[in-house]
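Biologist: Hi! Could you walk me through this one, starting with how its parts touch each other?
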Amino acid sequence: MSRHGPSRTTVNRTLLAVAGIVLLGGGVLALIGGLNLDARWHLGLPQGWPWTDPHQAVLTAAERTRWRGSSWWWPVVFAALAVAALLALWWLLAQLGRGRAGDLPVPSPLPEDRSRRHRSGTLVRGKALARVIGEDAGQLPGVTGARARLLGKASHPRARLDLILAPGAAPAEALRELGVGPIARARASTGLAALPVQARLRAEDGPARRAE
Amino acid sequence: MSAPAPAAPFPAAAELDQPPPLRPRRFWSVRRNAAALTGLIAAFLAGAVLYEEVYIHTGHNAHGWRTRITSTLADHSLNDAWVIASAAVACALGLWLLVLATTPGLRTLLPMDPAGTGGLTAGLERGAVAALLHRATLEVPGISAAKVRAGRRRAVIRADVHFGEHEEARAALVSTLSAERDRMGLARPPAIKVKVRSSR
């Protein structure tokens with residue numbers, strides 16, 4: 001992960017935590033003021049605490065326009081709002097990408113090329129490779145359906161497989177067959193020996209019957 | 001009532017045959033929907049305020065919605081019921097976002113033991129665990145119906161016995177279902193808990 005920036009999971013969870021802290025902090029501040037918790041529980045809040053008196057207004061016009069005369073106020077307001085809006089927009093758009101790997105460079109089979117980190121110039125279509133892996137996995141005994149996707153960047157692809165198991169098929173065995181069969185073949189044929197693979201197995205829908 | 005907890009054959013075996021024991025971890029959700037929704041709301045709010053500030057700054061009069069919001073904020077005191085309710089809602093939402101940020105999610109996906117698969121990461125849906133256990137339950141003689149709840153740590157099977165001794169049926173169920181569970185290849189096999197009752 002560290003080689004190519006923080007993952008989307010890390011970014012999402014960090015920003016969700018920031019949003020959560022902002023909401024929770026604002027809510028707690030307002031509750032401390034509104035329920036007069038400073039006086040009731042003797043919190044001993046420092047001087048200059050924004051909301052202490054339950055009868056004070058949430059935000060008076062005087063407070064809102066307090067800094068308007070200062071030369072720094074408007075630049076700071078515009079900059080902060082613009083940064084917040086752009087960050088939120090970027091975050092939103094980052095969720096829309098489906099994260100497909102696209103076309104993958106296939107490493108050169110010649111050892112001297114590989115040691116010099118040459119690109120072979122050959123690309124394999126990510127969609128085609130995914131379809132082949134999916135079709136191969138769908139042929140496994142005990143598997144009634146399989147779908148593969150290649151996610152991540154073209155330089156660091158990873159495969160996601162969704163398998164549907166036939167009723168009664170043993171998941172452990174299906175997984176072992178998947179590893180030594182379709183996945184091993186895909187890794188060998190593309191030279192992506194370290195291709196990370198995540199498989200998700202579920203059962204075929206349908207009622208279980210009383211065995212006679 | 002419950003079968004003996006799975007006799008942890010997996011950690012020992014994994015440590016013996018592989019140099020770095022790959023302990024399969026929980027699957028962590030990307031939290032895509034929560035992120036998209038939070039991003040959308042934040043972008044909308046920041047964009048609207050930014051737009052209005054620029055609008056006023058360029059010599060226009062404030063829009064009606066802005067004057068309504070500012071006068072509402074100025075007219076309501078902190079102990080107003082609406083203000084307190086909103087603050088409580090903000091606290092709850094904030095806590096929920098923190099929970100989303102710190103918990104793995106994907107509770108329906110149970111990690112599988114990667115030993116012998118050539119380095120796969122794999123998970124089995126809880127629904128598949130329940131379906132397999134249900135099927136195995138109905139194969140035990142004397143069982144007419146069953147309800148299965150597959151949890152992360154244990155699976156509870158309620159079986160209806162329509163002939164035979166309850167004790168025998170339960171013993172048969174425990175051994176059959178434990179064997180079935182061990183065919184699943186889960187990293188942390190759930191404990192099997194069997195309850196039997198007459199089917200009449």
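Predicted model: local features only at pLDDT ≥ 70, side-chain atom pairs only at ≥ 80, totals over all residues.

Biologist: Which helix gives the most to the domain 1 side?

Modeller: Helix H1 of chain A, residues 8–34, with 5 residues. The touching side of domain 1 divides into 3 nonpolar, 2 polar and 3 charged residues.

Biologist: And how much area do domain 1 and domain 2 of chain A bury between them?

Modeller: About 830 Å², with 55% of it on carbon and sulfur atoms. On the domain 1 side, A:Arg8, A:Leu15 and A:Arg66 supply 55% of the buried area, more than any other three residues.

Biologist: Switching to the chains: what is the area buried between chain B and chain A?

Modeller: About 5600 Å², and carbon and sulfur atoms give 70% of that. B:Arg32, B:Leu78 and B:Leu120 supply 12% of what chain B buries, more than any other three residues.

Biologist: How many salt bridges and polar pairs are there between these chains?

Modeller: Salt bridges come to 0, while 24 residue pairs are in polar contact. On chain B, helix H2 has the largest share of the touching side, at 16 residues. That side divides into 42 nonpolar, 23 polar and 9 charged residues.

Notes. Residues numbered from 1 in each chain as written. Chains lettered and ligands numbered in written order. Heavy atoms only, no water. Buried area = accessible area lost by both parts, 1.4 Å probe. Helix = DSSP H or I, 4+ residues; strand = E, 2+ residues; numbered from the N terminus. Nonpolar A, V, L, I, M, F, W, Y, C, P; charged D, E, K, R; others polar. Salt bridge = Lys/Arg side-chain N within 4 Å of Asp/Glu carboxyl O. Polar contact = N/O pair within 3.5 Å; in protein donor to acceptor, adjacent residues only side chain to side chain.
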